[in-house]
Amino acid sequence: MKAKEKFKMVTLDQLKDKHIGEIGTSERDEYEFDLKVEILGQMIKSTRKERHLTQEQLGDLIGVQKSQISKLERNTKNVTIETILKVFRALKTNIKFSIEMTDDNFEIA
């Protein structure tokens, strides 16, 4: 590369548009949903650790097995909102959900 050549600056959103799909496409929606789900699992794990609880102890607090807490921390896709709310109540943490209505569908953020 020559010293005079410059790098083109792009934003993260521009990269997502190019490689995943633009906002509103099914590919992009799935990517954004998966990202939110992963973050939720990480939030549960980090909050549990801040409260100095093991997975087994948290499971006992909400009436599930340790393995279910482990799955929840890794992947919250197949978990009910009720279970997620129980977890955050047991962790003495507030969680807020927002629902956004669009023309043909809705989004939970």
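## Basis of the model

Because the model is predicted, local features need pLDDT of at least 70 and side-chain atom pairs count only at pLDDT 80 or more, while totals for chains, interfaces and linings use all residues. Residues are numbered from 1 along each chain as its sequence is written, and side-chain values use heavy atoms, with hydrogens and water left out.

## Overall layout

The chain contains 5 helices and 2 strands. Helices (H or I, at least four residues) and strands (E, at least two) are DSSP runs, numbered from the N terminus. Read from the N terminus, the order of elements is α-α-α-α-α-β-β.

Of the 109 residues in the chain, 21% are buried. Buried means under 20% relative accessible area, exposed means over 50%, and partly exposed lies in between (1.4 Å probe, protein chains only).

## Two crossing helices

Two packed helices are described by the angle between their axes and the distance between the axes. Helix H3 (residues 55-62) and helix H5 (residues 81-90) have axes that come within 9 Å and cross at roughly 110°. H3 is therefore roughly perpendicular to H5. The axes are lines fitted to C-alpha atoms, for helices over the stretch in contact, and angles run from 0 to 180 degrees between N-to-C directions. Angles under 35 degrees count as roughly parallel, over 145 as roughly antiparallel, 65 to 115 as roughly perpendicular and the rest as oblique.

The crossing of H3 and H5 is right-handed. A crossing is right-handed if the near helix is turned clockwise from the far one by less than a right angle, and left-handed if anticlockwise.

## Salt bridges

Side chains of opposite charge can pair when their charged atoms come close. The whole structure has 6 salt bridges, each being a side-chain nitrogen of Lys or Arg within 4 Å of a carboxyl oxygen of Asp or Glu. One of them joins Asp-17 and Arg-28, at 2.6 Å from N to O. This pair links distant parts of the chain, with Asp-17 in helix H1 (residues 12-19) and Arg-28 in helix H2, 11 residues apart. Asp-17 is partly exposed at 30% relative accessibility, whereas Arg-28 is buried at 2%. Both residues belong to a network of salt bridges that also links Asp-13, Lys-16 and Glu-32.

Glu-73 pairs with Arg-48 in a salt bridge, with the closest N and O atoms 2.5 Å apart. In the salt bridge between Lys-86 and Glu-82, the closest N and O atoms are 3.9 Å apart. These two residues lie in helix H5, 4 residues apart, about one turn of the helix. Lys-86 is partly exposed at 34%, and Glu-82 is exposed at 52%.

## Surface patch

Tyr-31, Leu-35, Ile-39 and Met-43 form a nonpolar surface patch with about 300 Å² of accessible area together. Patches are made of residues with over 30% relative accessible area and no salt bridge; like charges are joined within 9 Å, and nonpolar side chains (Val, Leu, Ile, Met, Phe, Trp, Tyr) within 5 Å. Accessible areas come from the Shrake-Rupley method with a 1.4 Å probe, and for residues only the protein chains shown count as cover. Tyr-31 lies in helix H2 (residues 26-50).

## Positive phi angles

His-52, a residue other than glycine, has a positive phi near 60°. His-52 is in the loop between H2 and H3 and is exposed, at 70%. Lys-92 also has a positive phi, of about 55°. Lys-92 is in the loop between H5 and strand S1 (99-101) and is exposed, at 71%.
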